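User: Could you walk me through a few features of this model? I'd like the terms spelled out as we go.
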Amino acid sequence: MPTLRQLEYLVTIADTGSFALAARVANVSQPTLSQQIRTLEQRLGTTLLERSATGAMLTPVGRSIVVTARRMLSDASDIVALAAGASDRLTGTLKLGTTPTLGPYLLSPIIAELHRMAPQLRLHVREGIPDEQLLELSRGNIDVMLGPLPMAGDDLAIEPLFREPLHLVAALDHPIDAGGAMTRDALTGSPLLTLDPRHHLARQAAEIAERHGMTIAPDYYGTSLESLHQMVASGLGLALLPSLYLRSAGGMAGLKILPVEGWRVHRSIAIAWRRQSPMSAAFKLIAGHVQSCAERLLAE
């Protein structure tokens, strides 16, 4: 029978496309990893990988086996959590994925309060692109994810938490604000700066731009909310920034919020975890805590 370690090595090769990279990720020597894969192929009586000078590629049967192997590794991790008695308590180390447009401005006060409430809980926070983190969640590489909707996954439990207002901002000396509420026509043709299009916030900004006759500035994609802030403050254009960022230290420096008639723009934030996870009860407790903290911060 294959061992979990052998299946883990196979999955790591599938993710990296390379024996050398997989060995580095798995923290073993390349000869050891290669030998384990050869043993796995002998036990299964089939070839799982096509080897070449440029890397390794799964065979058709290898791809099918990797799908099942991911599920088995995730289930094994859940068994460990159950054995530790952590299924309904906030203990142990959790890998939490979030987006850089949310985590840095929400998690700091929440993590501090969670630590007071559950001193045995450790959160390992990883920031990334939401769509990529959903894939990591399904694969079992992270335990829980906090980010903007939409989220999707048949194997995931997804719980909406709160709505966060989004504001249209400009440099303090930008002439577009003549005082009082602005009509949509006043925004026509204005350049709107956004993040990398893979971010949900960038997609939402594109929809807002189309609705208000603004144009997306493709040569000025921001790498973070801070970079967007700096570009707007320097007069390059307008931007859509979340409330939690704007209320953070320095979040409004050099900026003003434009009062647009009928402006009711927000994004919905949710938390997600694998539906079959034995930690579901703990994740629901975390969800309730995040929700109450966020609502209090937004009300301040």
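Analyst: To begin with a term, axes are lines fitted to C-alpha atoms, for helices over the stretch in contact, and angles run from 0 to 180 degrees between N-to-C directions. This is a predicted model, in which local features need pLDDT of at least 70 and side-chain atom pairs count only at pLDDT 80 or more, while totals for chains, interfaces and linings use all residues. Residues are numbered from 1 along each chain as its sequence is written, and side-chain values use heavy atoms, with hydrogens and water left out.

User: OK, at roughly what angle do H1 and H3 cross?

Analyst: Helix H1 (residues 4–16) and helix H3 (residues 30–44) cross at roughly 110 degrees, with axes that come within 9 Å. That makes H1 roughly perpendicular to H3 (65 to 115 degrees; under 35 is roughly parallel, over 145 roughly antiparallel and the rest oblique). Helices here are DSSP runs of H or I with at least four residues, numbered from the N terminus.

User: And which residues in H1 meet H3?

Analyst: Gln6, Leu7, Tyr9, Leu10 and Ile13 in H1 meet Leu33, Gln36, Ile37, Thr39, Leu40 and Arg43 in H3, where contact means heavy atoms within 4.5 Å.

User: Switching topic, how many aromatic pairs are there in the whole structure?

Analyst: The search finds 2, counting rings of Phe, Tyr and Trp (its six-membered ring) whose centres lie within 6.5 Å, with planes under 30 degrees apart called stacked, over 60 edge-to-face and the rest tilted. Tyr105 and Tyr245 form an edge-to-face pair, because their ring planes stand at 85 degrees, with centres 5.0 Å apart.

User: Where do Tyr105 and Tyr245 lie?

Analyst: Tyr105 is in helix H5 (residues 103–117) and Tyr245 in helix H9 (residues 243–246), so the pair ties together parts that are 140 residues apart in sequence.

How values were computed. Helices (H or I, at least four residues) and strands (E, at least two) are DSSP runs, numbered from the N terminus.
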